[in-house]
Amino acid sequence: MFAYTSRRIVYVIPIVLSVALVCFLLVHITPGDPLVAVLPADASQELAAQLRTAYGFDRPLPVQFGLWLWRAIHGDLGNSIATGRPVLTEVMRAVGNTVMLAIAAAMIGFTLGLLFGLIAGYFRDTWVDKVATSVAIAGVSLPHYWLGMVLVIIFSVQLNWLPAVGAGPGGSGAWAWDWEHLRYLVLPAITTSVIPMGIVTRTVRALTGDILSQDFVEALRAKGLRETEVFRHVIKNAAPTALAVMGLQLGYMLGGSILIETVFSWPGSGLLLNSAIFQRDLPLLQGTILVLALFFVLLNLLVDIAQAAIDPRIKRS
Amino acid sequence: MSAMSDTALQAVPATKARGYWATVGRRIRRDKVSMACAIILVLIFASALLAPWLHLADPYQGSMIRRLRHIGTPGYPLGTDELGRDMLARLIYGGRLSLVIGILPVIFAFVIGTSLGLVAGYVGGKLNTAIMRTVDVFYAFPSVLLAIAISGALGAGITNSIVSLTIVFVPQITRVAESVTTGVRNMDFVEAARASGAGPFTIMRVHMLGNVLGPIFVYATGLISVSMILAAGLSFLGLGTKPPEPEWGLMLNTLRTAIYVNPWVAALPGAMIFAVSICFNLLSDGMRSAMDIRN
């Protein structure tokens, strides 16, 4: 297990470096100079040249990348152009809210997905299966930002049960674990949970079906095991793949929260990314994407290790 | 009993007489869900294409006194938007841009990804490693984040949003194409072609492309649904086209302010995105099971 874990960690290093390279290059594919956002429109040539030297934009690209990477490793992602505060501080404050939203959504989506998937796979080609599959396919086809709007229309505008936007009565800085604040989490979490619910349902349904058609299940039944015991074996065999899919989905929820956070004005990393894009705040854009991508890579690593821990066959391949 | 032998009698000569694709086509035509989806999609595509000849109201012509009319108002079957423009006309005209920006990235990615995957899978060795490791890098980003990152860095615009979505889908299609090609590469008929003196380009184009295209095509059809949602999502964020252009994602964004006045009109553009997306998903599922003849 130790050997496998360390090998996986070593494999991650080139991935992390190339992710950093992509994030670095993002700023350099922007049309014109990366300074355009900082410079006033009527800036003189000297001022532009001065700033270019100050930011290091006059150096060759590989050197710039090296310097940027060196500072990034030390936790310095530069300062936000809009607020002047360090990018890392801004991102870390926002990421907490995104993680909270993603975990709440994961609890809803994964529970329902596992339940629907197991039932649909076990009662294949019955009406239960048809209902669960339809729910799943609707889940993966829904434009989730639109679902968010529809839920706001129903539960905030028409019924007036739940708040439409924001993260609590005290604004983004004052979160508390009581109903007054949790009410604000309900609609965004349900909206976020729909896609993972659909994908987990489809995966688990296919897995359950495949496992049930295998010879060892026949052997278990022939041995005289009760159906509940057989089901336990099915779950154990489906677990590694289901876990991998759920890990990936959690990563997508963390990284892809921008649309839902925009709809609900949820003060997470997605909303931060949105404001970074429209204020042309390139250091903030770059930093947010880097942090989110690193979260995703780390999560994939953890899933791989967890998968190997529960399924010894993976270690050998 | 008699019904069973009937179908058995019909099925045997049918599968023998028809080729693979004819059988697949016949199986799709028999699938009610797939056919319903195909008909809905054809209707949406045709109305978008023929919009100027449908005697619709001008989708750009607003009116301050007729803003946010309800669904079913005489003269405005689907109501009016926040600037008093006819929703029916805007939804139909909106399909033109929305379908183009949703589908073009998948077509581009299909062409690029299939070529890359075919070359990587057939040539193998160092070229395979180079292509597939580059693809891995893009897998280290959640696709929504990657699309928004590229689109956000390039700036708003239709071309940029198509480019960013193409970049998101190329790695996924390349992976599928590579794995299918690797499966086909060592089959006897490829060996036979090589023995008869065919060059690598000819083998890839003549002998392998036809065998790998099917699975890749099905995978790509499934991506159209994601692409429609993401493309409209980019417009929804303001990274796609600009007002007053009718486009479903952008319409959804500008109508967001109207949800307290006329909520169901505001939700209409999203329903269009949903309809197209679910139809492509169901059609792709239908195609997948139709092509799986062994079952």
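Which residues in α10(B) are buried? The legends below answer this and show other close-ups of a predicted model. Residues are numbered from 1 along each chain as its sequence is written, while chains are lettered from A, and ligands numbered from 1, in the order in which they are written. In this predicted model, local features need pLDDT of at least 70 and side-chain atom pairs count only at pLDDT 80 or more, but totals for chains, interfaces and linings use all residues.

**View 1. Helix α10 of chain B is largely enclosed by the rest of the structure.** Helices are DSSP runs (H or I, at least four residues), numbered from the N terminus. This one covers residues 248–255, and seven of its eight residues are buried. They are B:Trp248, B:Gly249, B:Leu250, B:Met251, B:Leu252, B:Asn253 and B:Leu255. Buried means that 20 or more other C-beta atoms, placed from the backbone, lie within 10 Å of the residue's own. The buried residues of α10(B) pack against α6 of chain A. They also pack against α4 (87–123), α9 (200–237) and α11 (263–291) of chain B.

**View 2. Chain A touches chain B.** The contact takes 39 residues from chain A and 33 residues from chain B. Two residues are in contact if their C-beta atoms, placed from the backbone, lie within 7 Å. On the chain A side, α6(A) gives the largest share, seven residues. That side divides into 31 nonpolar, eight polar and no charged residues. Here Ala, Val, Leu, Ile, Met, Phe, Trp, Tyr, Cys and Pro count as nonpolar, Asp, Glu, Lys and Arg as charged, and the others, Gly among them, as polar.

**View 3. α4(A) packs against α12(A).** Their axes lie 9 Å apart, at an angle of about 50 degrees. That makes α4(A) oblique to α12(A). Angles under 35 degrees count as roughly parallel, over 145 as roughly antiparallel, 65 to 115 as roughly perpendicular and the rest as oblique. From α4(A) come A:Val87, A:Leu88, A:Glu90, A:Val91 and A:Val95. They meet A:Pro283, A:Leu284, A:Gly287, A:Thr288 and A:Val291 in α12(A). The contact has seven nonpolar residues, two polar and one charged.

**View 4. A:Val245 sits in helix α9 of chain A.** A:Val245 counts as buried because it has 21 C-beta neighbours inside 10 Å. Leaving out residues up to four places away in sequence, A:Val245 touches A:Ile199, A:Val200 and A:Thr203.

Notes
Helix = DSSP H or I, 4+ residues; strand = E, 2+ residues; numbered from the N terminus. Axes fitted to C-alpha atoms, helices over the stretch in contact; angles between N-to-C directions. Buried ≥ 20, exposed ≤ 12 C-beta atoms within 10 Å, placed from the backbone.
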